[in-house]
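Trainee: Hi, I'm new to this one. Could you walk me through it?
Mentor: Happy to. Let's bring it up and start.

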Amino acid sequence: MGRSVSAKTVRNVIRHAGYNSRVAIKKPFISLQNQKKRLEFAKTHQLKTDNFWRKVIFSDEIKFNIFGSYRRRTVWTKPNIALDPKNLRPTVKHGGSSVMVWGCMASNAVGNLVFIDGIMDHKLYIDIHNNNLKESAKKLGLDGNFIFQQDNDPKHAAHNVKMWCFFHYKRQLHTPPQSPDINVIENLWATLEIAIQKHQIRNKPHLKQLLQEEWDKISPDTTKKLVKFVPRRL
């Protein structure tokens, strides 16, 4: 336009138009291929009935650290007491000791919580199914009449795991890649973590004890509410 305009003037004009400068929100990159898979899954399952979702057993694994997870935690403080021990979130180099667990849930309750010692590979994953998923299905009143959900973790997609599931589960629900927002047990992990962080965890055995105690406290109302809103998420 033949005019020299300062950067400040440009910023003022942009603000006047209703825009504000903010730090861009970080979100995991989702490839175009996975975007299409997510959309197709949503279209296919959005109109499924409540009866369908009540039969789904949602499953997942997660790691809990003794000194807290990587989730953000906030506290209310007054001036000059930010470093008070009760307002701190202790950390150690490399995160300290941790506990890996596998769990499952349905609309009416939670299933078993399994503590994983050692490396979680496809063989151990099948053992968990043999010893815990069937027992959880009975506990949930879905023995022989459930839809098993799992994500696309490499262990779940291993050939022998696929074959084992094919012969043992009549119906399966494979959520698309990069879609933790569809698996409602992710919300349950967050609830469990909040409960755990209210305790002063002494060591790994104590963390296991607290995890089991807090897991057992999760009410059917909580799981029912999570599953009820799956269609809205889709």
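**Cysteines, cores and surface**

Mentor: Let's begin with Cys165, which is buried, with a relative accessible area of 2%. Keep in mind that this is a predicted model.

Trainee: And Cys104, buried or exposed?
Mentor: Cys104 is buried, because its relative accessibility is 0% and the cut-off for buried is under 20%.

Trainee: How many disulfides are there?
Mentor: The count is zero disulfides.

Trainee: OK, new topic. Which residues touch the most other members in the largest nonpolar core?
Mentor: Those are Trp53, Phe58, Trp189 and Leu211, in a core of 33 residues. Helix H6 (185–196) is one of the elements that each supply at least two residues of this core, and H6 gives the most, with five.

Trainee: What does Trp189 touch?
Mentor: Leaving out residues up to four places away in sequence, its contacts include Asp60, Phe64, Trp102 and Trp215. There is also another core, apart from that one, with 21 residues, including Ile57 and Cys104.

Trainee: Which residues form a nonpolar patch on the surface?
Mentor: Val5, Val10, Ile14 and Tyr19 do, with about 380 Å² of accessible area together. Ile14 sits in helix H1 (residues 7–16) and is partly exposed, at 40% relative accessibility.

Trainee: Where is Leu47?
Mentor: Leu47 is in the loop between helix H2 (32–45) and helix H3 (50–54), and it is exposed, at 77%. Leu47 and Pro231 are 184 residues apart in sequence, yet their C-alpha atoms are 7.1 Å apart in space.

How values were computed:
Residues are numbered from 1 along each chain as its sequence is written. This is a predicted model: local features need pLDDT of at least 70, side-chain atom pairs count only at pLDDT 80 or more; totals for chains, interfaces and linings use all residues. Side-chain values use heavy atoms; hydrogens and water are left out. A disulfide is a pair of cysteine sulfur atoms within 2.5 Å. Buried means under 20% relative accessible area, exposed over 50%, partly exposed in between (1.4 Å probe, protein chains only). Patches are made of residues with over 30% relative accessible area and no salt bridge: like charges are joined within 9 Å, nonpolar side chains (Val, Leu, Ile, Met, Phe, Trp, Tyr) within 5 Å. Accessible areas come from the Shrake-Rupley method with a 1.4 Å probe; for residues, only the protein chains shown count as cover. A salt bridge is a side-chain nitrogen of Lys or Arg within 4 Å of a carboxyl oxygen of Asp or Glu. Helices (H or I, at least four residues) and strands (E, at least two) are DSSP runs, numbered from the N terminus. A nonpolar core is a set of buried Ala, Val, Leu, Ile, Met, Phe, Trp, Tyr and Cys residues joined through side-chain atoms within 4.5 Å. Contact means heavy atoms within 4.5 Å.
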